[in-house]
Amino acid sequence: MEFVIIYGFIINFSVIFTLATLLGFTLAVLEIRVDAIKLTKLSKRPYPHSANTIGIWFWIMIVTNIIGAATLSGIMIFTANIFLLNDSYSRWLVFLIVEHGLLIMQFVYFLLIHGTPTQVERGIKWG
């Protein structure tokens with residue numbers, strides 16, 4: 001859960017605060033180290049549970065990507081003024097084009113990239 005929250009902050013606010021990616025990476029490494037200490041020193045070994053997918057977290061990350069595309073394109077167009085647009089209509093038009101372009105790219109990547117590697121699928125079928 002912590003990694004998805006960090007990912008959401010990076011996706012939504014990396015345009016405003018460019019060091020967010022470095023901060024997110026540092027927090028992720030620190031979280032892994034703290035979890036390792038908790039698992040090895042402070043608690044008993046957890047009971048393993050089998051799972052075929054990451055569950056609802058997959059769809060939470062998809063929604064985070066969609067919100068991030070809208071947020072980043074909105075920040076880029078309405079506050080940065082990199083397209084040198086003066087009127088509101090042009091800004092909204094460029095926003096919709098950029099945002100829909102990002103969403104179409106995400107959808108194409110979603111269709112092209114297979115979620116489970118073939119070696120993992122063979123392992124699931126085998127055992």
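Each exercise below comes with a worked solution.

A note before you start: this is a predicted model, in which local features need pLDDT of at least 70, side-chain atom pairs count only at pLDDT 80 or more, and totals for chains, interfaces and linings use all residues. Residues are numbered from 1 along each chain as its sequence is written, and side-chain values use heavy atoms, with hydrogens and water left out.

**Exercise 1.** Find how helices α1 and α3 are placed relative to each other.

*Solution.* 
- Step 1: locate α1 at residues 2-13 and α3 at residues 56-78. Helices here are DSSP runs (H or I, at least four residues), numbered from the N terminus.
- Step 2: compare the axes, which come within 8 Å and cross at roughly 20°. Axes are lines fitted to C-alpha atoms over the stretch in contact, with angles running from 0 to 180 degrees between N-to-C directions.
- Step 3: name the arrangement. The angle makes α1 roughly parallel to α3, a term for angles under 35 degrees.
- Step 4: list the contact (heavy atoms within 4.5 Å). On the α1 side stand V4, Y7, G8, I11 and N12; on the α3 side, the residues include W57, I60, M61 and T64.
- Step 5: sort these contact residues, which gives nine nonpolar, six polar and no charged. Ala, Val, Leu, Ile, Met, Phe, Trp, Tyr, Cys and Pro count as nonpolar, Asp, Glu, Lys and Arg as charged, and the others, Gly among them, as polar.

**Exercise 2.** Decide whether T64 and N12 are buried or exposed.

*Solution.* 
- Step 1: recall that buried means under 20% relative accessible area and exposed over 50%, with partly exposed in between (1.4 Å probe, protein chains only).
- Step 2: T64, in helix α3, has 13% relative accessibility, so T64 counts as buried. Leaving out residues up to four places away in sequence, T64 touches Y7, G8 and I11.
- Step 3: N12 belongs to helix α1 and is buried at 14%. With the sequence neighbours up to four places away set aside, N12 touches I67, G68, T71, L72 and I75.

**Exercise 3.** Which residues of α3 are buried, and what covers them?

*Solution.* 
- Step 1: the buried residues of α3 are T64, G68, A69, S73, G74, I75 and I77.
- Step 2: their cover includes α1 and α4.
- Step 3: turn to α4 (residues 88-112), where R91, V94, F95 and E99 are buried. The cover of these residues includes α3.

Terms used. Helices (H or I, at least four residues) and strands (E, at least two) are DSSP runs, numbered from the N terminus. Angles under 35 degrees count as roughly parallel, over 145 as roughly antiparallel, 65 to 115 as roughly perpendicular and the rest as oblique. The expected span of a helix is 1.5 Å times one less than its number of residues.
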